[in-house]
Amino acid sequence: MTDLHVVWFKRDLRVHDHAPLLAAMASGAPVLPLYIFEPDFWAQAEHSRRQFDFLMESLQSLDEALKARGSALCLRVGNAAEVFAGLHRRHGLAAIHAHEETGSQWTYDRDRTVQRWALKAGVAFREQPQNGVVRRHNDVEAWKRHWEAFMSLPRAKAPESLPPPDVPPGEWPIAEDFGLPQDRCPGRQPGGRAEGVELLRSFLAARGRRYRTDMASPQAATGACSRLSPHFAFGTVSIREACQGVMRARTDLELDGDSTFAASLDAFLSRLQWHCNDMQKFENQTSLSGRNLLGEPDVQRDVLSDGDPRLEAWISGRTGFPFLDACMRSLNQTGWLNHRARAMVMAFASQHLWMDWRHPAARLAALFTDFEPAIHYPQAQLQSGASGSAIPRIYNPVKQSLDHDRDGTFIRRWVPELATLPTAHIHAPWDAPKAELADAGIVLGQTYPMRIVDHMAAAREARDRIYSGRATTLRSHDAMPEAPRSRRSNPVRKQKPAAPRQLAFDLRLPDMADSGRAPSA
């Protein structure tokens, strides 16, 4: 065999709407569906067992879909370029087909290494865009038009059959092979395409009705948000499938006169565009995952390492701030947190606890089942004041608690040691009368931590430090330095997308995941 076409699955674990798979099929040559487990990837601090477990469930779902079509997923463990070199020696590769990946600096460097190997070996390396992201593109308005056009294209249909190549499929590894320790996350979302499609269906059928009003509350957002983020991160469902499903549901709702639900879907569609816009920006600035957007930060924060009491209290939900602790404990147990709470917990680490954003951002990333570098790291910098925003983002954790959990339901669920404290004091137990604390069986510093900082004083100090640092910078330079440019191209300036227009989408919902048989045409 000397003409094998490989489909390299990475974060696109589906057979539906998969352009590289169809391109490989169109060659008429044998097609090898391949997934590579890379030990160095899983050694990164931002990756975790909960992500690995979601991946494995999604890979098993993908393997079932491939077997229903007569093929199977080929698995290999090792350095990607070395794996391709070994396959080429044994079986002869004509081409590698893959989606362009917008990931971390590590994945960018890995892809460049594979490209160099393929060029030297005489193997074609063909990548297809996804999510409307365009490489080497820096025109914001033109990108918006491109994104709308990309999302309106018909979805690529899954192939009905895939003849199996004569290549051993390999063995399924386990998490321990990569040194991933146990990671108790009982509320983690399960992986696999069937789970993702069902989430989309239930969101469009009913759950999304209160999306616009409930997405800011960590309690209400659990049901009102789509919860598709891990499926987007691992690619079991494509964003184009979600967009087209939303547009079909939105059209039906408008015909029924349900403007409330339609407005929530408008808000969700806008968020999908915003998601892709962030990925477009990150495509041009992959090193944002480890570097300040500005050449120099306004001020130097404390660089902490694992074991530091401040870091461990924050990551485990033991800061003494009930709402913040509830958010962190919920994240530890479920692998998910709504957007507003993510912003607050990151800002608290950087502003109130004065941590350099890099290490807490990596620790936080490992807790997210839906970790998406292009979303997570720019947001971590933004909330930490490292991206040059004009006003420091310093969230008052007590105000956030009153705004988004006024009756204390979320706190009582995740911080049960405060469950019997009256609502009037559950948001700030340090202000509660001693008698009420005693009646509730609470001893601050013993049954529940004393607050780690005076949040009002810490916020004032953070603002003073930031503005003082900016004044010093402005005195030292005629102007703020430009954002550093990565090897890719000029960064796309992030802008909040305009309200989406109704597009001429193919309005059929995506097919339900395969359950042992190939779909009809």
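1. Two strands are taken as paired if DSSP finds at least two bridges between them, and in this predicted model strand β1 meets that criterion with β4 (residues 93-99), the two running in the parallel sense over four bridges.

2. Strand β1 (residues 4-9) is largely enclosed by the rest of the structure, because six of its six residues are buried. The burial applies to both faces of the strand, with L4, V6 and W8 covered on one side and H5, V7 and F9 on the other.

3. The largest nonpolar core has 53 residues, and those with the most contacts inside it are W314, L324, C327, V345, L364 and Y377. At least two residues of this core come from each of several helices, including α12 (259-283), α14 (322-334) and α17 (373-383), while α15 gives the most, with eight residues.

4. As for L364, which is among the residues with the most contacts inside that core, its contacts beyond four places away in sequence are W314, I315, M328, L331, V345, M346 and H376. Apart from the 53-residue core lies another core, of 32 residues, which counts L204, V237, A249 and L272 among its members.

Key. Residues are numbered from 1 along each chain as its sequence is written. This is a predicted model: local features need pLDDT of at least 70, side-chain atom pairs count only at pLDDT 80 or more; totals for chains, interfaces and linings use all residues. Side-chain values use heavy atoms; hydrogens and water are left out. A nonpolar core is a set of buried Ala, Val, Leu, Ile, Met, Phe, Trp, Tyr and Cys residues joined through side-chain atoms within 4.5 Å. Buried means under 20% relative accessible area, exposed over 50%, partly exposed in between (1.4 Å probe, protein chains only). Contact means heavy atoms within 4.5 Å.
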